[in-house]
Amino acid sequence: MAATPQDMLGARLPRKEDLRLVTGTGKYLADILLPGMLHAVFVRSEYAHARIRGIDTSEALALHGVVAVYTGIDFKDTVKPMPQPVVQPNLPARYPTFWPLAIDKVKHHGEPVALVIARDKYVAVDAAELVVVDYEELTPVLDPERALEDGSPLVHEEDGSNEIFAMTLTGGLTEEEQQRNADAVERIFQGADIVVKERFRVHRTGITPMEPRGVLCDWNDADGLTAWITTQRPHIDRLALIDLLDIPGEQVRVIAPRDQGGGFGVKAPFYRENLAIAYAARALKRPVRWIESRYESLMNVGQERDQVNYLEVAARKDGKLLALRNRGVADNGVGTTGVYWGFVMPFLGAVEMPNAYTWEAGDVRLRVATTNKASLTPSRAFGHFPTRFAIERAVDMVARRVGMEPSALRRMNLVPSLPYTSVTNEYYDSGDFLRVWDNLMAQVDLPAFRAEQAAARAAGRYLGIGFGCGVELSGVASELLVPMENQPGYGAATVRLDPRGKVLVFGGDAPGGQGHETTTAQVVASLFGIQASDVVVTTGDTGTTPFGSGSIGARAGSYFVSAVAEACGELKDKITRILAHDLQIEASVQHFEFKNGEVVYLGDRSKRKSFRDAVERIIMFPINMPEGEVGGLEYTAFFEAAKPMICFNADCCIVEVNVDTGDFEIRRWVTSEDVGTVINPNIVDGQMHGAIVQGLSNAMFEEFVYDERGQQMSADFEHYKLATAADVPDIEITYATTPCPHTPLGTRGIGEGRPSSVPGALTNAVCDALAPFGIEIAELPLRPNLVWRKLREARGEG
Amino acid sequence: MQLTEQIRINAPREAVFAALNDVDILRQAIPGCEAIDAVSPTEMTATVSAKVGPLKARFSGQVTLADLVPPESYTLSGEGKGGPAGHVRVSSRVKLTADGAATLLDYDVKADIGGKLAQLGGAIVEKTARKLAGEFFASFNALVGVPESAAEAPPAATPAPVETSASHGHGHGGEHLPWVLGGALAVLVIVWLTR
């Protein structure tokens, strides 16, 4: 291993996880087999909106090997309906009532209607085909704006409205304050030199983890329920199972497998399928497993964005941005998922609308409509993909109107110093936006590009440059997470030292491939002066780990490793207290160095002890201790920053557009990132690459399509196209970091919101290339056919 | 989903109309037909099995006829269920015109397809629809038509008002057909059309 322990923080260490992952010895949910395990298959609705006249399960039950078939009514009196407080945000909304399976009515194509349990998966699949559901088709609700009009058919009839959530995010809490604010914003618009006004539409797209969802539940009367779930938040799932199934808390243990093939938000909600499987395992007293198919996954989860934003921006003719006014309408889908309900993502997207710019005022409102589509589920860049596309495009439109370079206009309007509170009341704790921006511009020779662009245009070729930037949450503080998801934001870690000088770390979050074992080990190794290979990290088991709200919102680099660092600090205190006692010196932790596997007294370097011996002495030989000390070396720390924290990034993209075909090619993608103190550059680079590729794939290829009857037409990878390596450019990542002053190591949580500045930067570049045609694009996906259509319109051929 | 088409059948109009009402002929001509029964003069049920791409399904359908003007025209509406494979809902207008000794059969169809079938996508569905329709009209012509050189005559392609050309029988003719029809739909449409 090349890195010495002292260099461990910031070392490009190979990931600890990768040996098992690349040698096929990872252990995923589907690799866990229990004796006597049964297999579950869900029968799902083939209609977007239909009344269930009857369900005939007799043929399915008669098939040899079938153990049970459940329908909605089996749950109605035995499982509590959602919503329940454990999975309900503290935000006022029309929370739909629902059970694990549809009752009376199906509300989207793919909704679970029946559950078949059989001795193997093949029998279960065959039996599921024998379940006959008699449907009476109803008019589906598919357009979010029309869904909010009077007289629209209703998705949830008992709610009396399709408006699941509405909020004004600016001006204050009362309608009076909000109106006063709206009037003030209107006055700014009246007096502004420039007003840009546009309808921005972002399609339904999101994320498709390599491993779909799954759950394996085991029940016995002595110990209760053990549930292995592909989940980002095992502790929340545990509480939900306790509350909804009415099982005593000590009888429920949830384990997120150590290896999960990605989460990206999709595995963060509490899903009705998990509840149904847990119910069946308890009822049958047998292990029951459900593994989601790709088809089911694309039908039901990973769908996000899908929003219209009517955005107006007021500016001065010197380029100063003055005010923004936005009316967002989001397509929530059916809203039957725990924790998020579909609308929590658009809510945060609206909060993050002002981005990194200073505004004198803003009037930001959001309405969210239920429709007969799958619920929006969290998808990396939680909520702000559509709002950021709108704002980044609008900024470019202002620049074009005032005749400024978009990059110069951005720099002029970036928040110049932090902390800062946005017009939507979002707190930006720390960082240096201008430094990040200047670093980006240092990577790009803009005058040379403009010269090249002019020469190319003269030769009939169209080059364009586009910029974008993004403020992202670095972890989610309790201050925001309690109202938004009814959960705490703190990070928690238990650090246990082993008599042989090794370190075991336990965390309640549940990563899905981000490399947390490696980054955590590097943090521990750097603090104890040992090797990363001496550290073992266990995550995701509620039976062994402290409570954590889950692997969400970039919590690892911000909250979790900070808790780890604090726990290590406590243990170092104890080790040095006892070592000083043994050495008969007056000294405390700052007088010692933990280095190269030793603990060294700085006042006399001959006074030293190996880390292993120092640890073993305290754990195994707790005699002759200082007064008041007891043996043992284990500590659980809870970390919470006083305020929410952020990270910041900027993108530059250069494209060439073929104005005959509308095709375009990304010639360069360069970034500038403030990610705080870097623990492992390989992993940070990987997060950025993955996020940018996701942003490009969402913007250019991926789209969940529903037809005019609400049939989901993109439930396989032939119809839901993902970017491949050949579709994306080389990505140049550069850094302009500032340590976060609110974490012990200066680290920031990164990677979660990162895709959101990508579609704006890309579309800005295409529009810059097409500036001679006066083309401004305000919709996604950005594909050659759209560009070609815009070109035809601009040439009067449309 | 809409389709308009014209088929030329080598038999007089009255014979074609009668054959379209003859469940024995239909049972023989419809690929995969397992049962077809007239419930009343204007209602019938049918069961047809078909393989569309990876989906093998048995469809049960029922059809209602209206606006009957023998031997010229009628309209039909129907619904078919293919269990886990999906469902279709169809409405159609059929018109027969004498063309010398032969008959031109014009039809237009509006169809809604749902479930897994709908998700298979154009390429597979189109291919199946083309194949099944070809098989049906080949059989129908063989059963009803004049069995001589007329059967070798080139297809009477008439551009239709919508986005369509025409074709019929004899294997895989109709290379220009813009079939937008689901495979199962094709089966059901044939059932219903040829009532």
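Helices here are DSSP runs of H or I with at least four residues, strands are runs of E with at least two, and both are numbered from the N terminus. This is a predicted model, in which local features need pLDDT of at least 70 and side-chain atom pairs count only at pLDDT 80 or more, while totals for chains, interfaces and linings use all residues. Residues are numbered from 1 along each chain as its sequence is written, chains are lettered from A and ligands numbered from 1 in the order in which they are written, and side-chain values use heavy atoms, with hydrogens and water left out.

Start at A:Leu434, which sits in helix α13 (residues 433-443) of chain A. With a relative accessible area of 17%, A:Leu434 is buried (under 20% relative accessible area; exposed is over 50% and partly exposed in between, with a 1.4 Å probe and protein chains only). Beyond its neighbours within four places in sequence, A:Leu434 is in contact with A:Arg411, A:Leu414 and A:Pro416, where contact means heavy atoms within 4.5 Å. A:Arg411 is 23 residues away from A:Leu434 in sequence, yet their C-alpha atoms are 6.8 Å apart.

Now move along chain A to helix α20 (residues 758-769), whose 12 residues reach 17 Å from first C-alpha to last, close to the 16 Å expected at 1.5 Å a residue (1.5 Å times one less than the number of residues). Why is this helix largely enclosed by the rest of the structure? Because 12 of the 12 residues of α20(A) are buried. Among them is A:Cys767, with a relative accessible area of 0%. The sulfur of A:Cys767 is too far for a bond, because the closest cysteine sulfur, in A:Cys653, is 11 Å away. Over all chains, the structure holds zero disulfides, a disulfide being a pair of cysteine sulfur atoms within 2.5 Å.

Next come the spaces. On a 1 Å grid over the protein atoms alone, a cavity is a set of points where a 1.4 Å probe fits but cannot get out, and a pocket is an open set with protein on both sides within 12 Å along at least five of seven lines; lining residues have an atom within 4 Å of a point. The second largest pocket holds about 800 Å³ of space. Its lining has 34 residues, and the closest to the pocket centre are A:Val43, A:Arg44, A:Ala128, B:Pro84 and B:Lys116. The largest cavity holds about 110 Å³, and its lining includes A:His108, A:Arg213 and A:Ser375.

Conventions: Grid points are joined across faces, edges and corners, and a volume is the space filled by probe spheres set on the points.
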